[in-house]
Amino acid sequence: MTTAEILANLEGVRKTGDCKWQAKCPAHDDRNPSLSVSSGDDGTTLLHCHAGCAVGAVVSAIGITKADLFAGHNGDRAGRDAKAPNRSYATIERYAELRARGRAFTINRYPDKFATIRIEIPPDDKTYRSAHQNGRGWIGRAPDGLRPLFHRDDLADGDVYLPEGEKCTDIARELGLNACSWSGGTNAVHLTNWLPLAGRSVVILEDNDEPGRQCTSKLLAKLIAIGATVRVVKLPGLPHKGDIEQFVEQRDSRDDADIKTEIESLAAATEPSKAAPPEESGAKASTCPTPNVLMAGAISTKPIHWLWENRLERGAFNLLAGDPGCGKSLLATDFAATVTTGAGWPDARHDLGRPPQNVLIVASEDDPAKSIVPRLTAAGADLDRVAILRTVIEDDHERQLCLQRDLRAIEQAVEQVG
């Protein structure tokens, strides 16, 4: 994909320089645009969320893969000249055909002139595109504001079943269940207008994996906040990453009415859920905050223990801020070299007796072999004292580090490195 096509899937896009943009990060509730987007010399799109979201989470939230960040093997440089795109297409079918590039696709039509396109990537992967219609035609991105629910206008009275994804929703509706869903999956719960489900009885059909459980927590926070009664059904016998599609496939000898009755019985036997704790759901407590006032005379002063006098405090959060490209990584690498070798700081002549110490580098973007280690070597760091944290292991699977989710893992890494 070109940078222009990727920008088309983002909100709040603003050009900030030559081949550079700022946009709202789709992987978290971003009110102040924190996603930097730039285009490399070869047309590759570079993404960086200043709130700490991993690149994988960002691309997943807009329905693409990391591979889509590369312009292509032909060295396409179209992204270099990209502007905030506004190209329109006469029909959603025409837009889908262009984006699919000959691959099979499915158009999912939402209310309010919104649609998503599921594009199959052989052998067993998929990607998504969003589009909405205005007075000029179909625009290749989601509309501004909250997105409507899939099958919102088709909902009947009674329980509303909520699987994840349009395909699973269509399967549920083929069974006769009163089902709807939303676009964008786990990372786009906060981008959806849930008010049509206010006060209703909702049954979440949870996917059998950790992202599915995390999604449930987010849904509980949103739905209970609008007065919905929510039950979470864990469909029995699902494989890892399984959902209602596999549940139905396992019962291919039974008719739809029997499968529907089984799911309804599971829902009836499930107790309504309570709101997920704020630390699980990401929701803030609804209680009114009260002031916690301290009198200055009751506070005992403490000395500051410096790592670098008047600049870096030990045991404290130190922020190195600056515009992209101004040398923050270079400075951080030099800090690591100074700490691991016990060398003196640039303006200090009397701290040469400080012992070498270990350093932990949390790196969710830079490649250790191509960027981090060469920089450390050039700075003269003791590489045996530098540990690099890029991924975490969760449910026996390795995934990219995310600052918002993995603070405890970082704390454990600090304890291990010492």
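Biologist: In which loop is P123 found?

Modeller: P123 is found in the loop between β7 (114–121) and β8 (125–134), where strands (E, at least two residues) and helices (H or I, at least four) are DSSP runs numbered from the N terminus. This is a predicted model, in which local features need pLDDT of at least 70, side-chain atom pairs count only at pLDDT 80 or more, and totals for chains, interfaces and linings use all residues. Residues are numbered from 1 along each chain as its sequence is written, and side-chain values use heavy atoms, with hydrogens and water left out.

Biologist: What joins P122 and P123?

Modeller: Most peptide bonds are trans, and most residues other than glycine have a negative phi. P122 and P123 are joined by a cis peptide bond, with omega about 5°.

Biologist: Which phi does D112 have, and where does D112 lie?

Modeller: D112 is not a glycine, yet its phi is positive, about 60°. Its place is in the loop between β6 (105–110) and β7. H151, likewise not a glycine, has a positive phi of about 65° and lies in the loop between β9 (137–139) and β10 (160–162).

Biologist: Is D112 buried or exposed? Is H151 buried or exposed?

Modeller: Buried means under 20% relative accessible area, exposed over 50%, and partly exposed in between (1.4 Å probe, protein chains only). D112 counts as exposed because its relative accessible area is 53%. H151 counts as buried because its value is 17%.

Biologist: How far apart in space are W21 and S36?

Modeller: Their C-alpha atoms are 6.0 Å apart, while 15 residues separate W21 and S36 in sequence. W21 belongs to strand β2 (residues 20–24), and S36 to strand β3 (residues 35–39). W21 is buried, at 1% relative accessible area; S36 is buried as well, at 15%.

Biologist: Which side chain does that of S36 join in a polar contact?

Modeller: A polar contact is a pair of N or O atoms within 3.5 Å; within protein, one must be able to donate a hydrogen and the other to accept it, and residues adjacent in sequence count only if both atoms are side-chain atoms. The side chain of S36 makes such a contact, of 2.7 Å, with that of H50.
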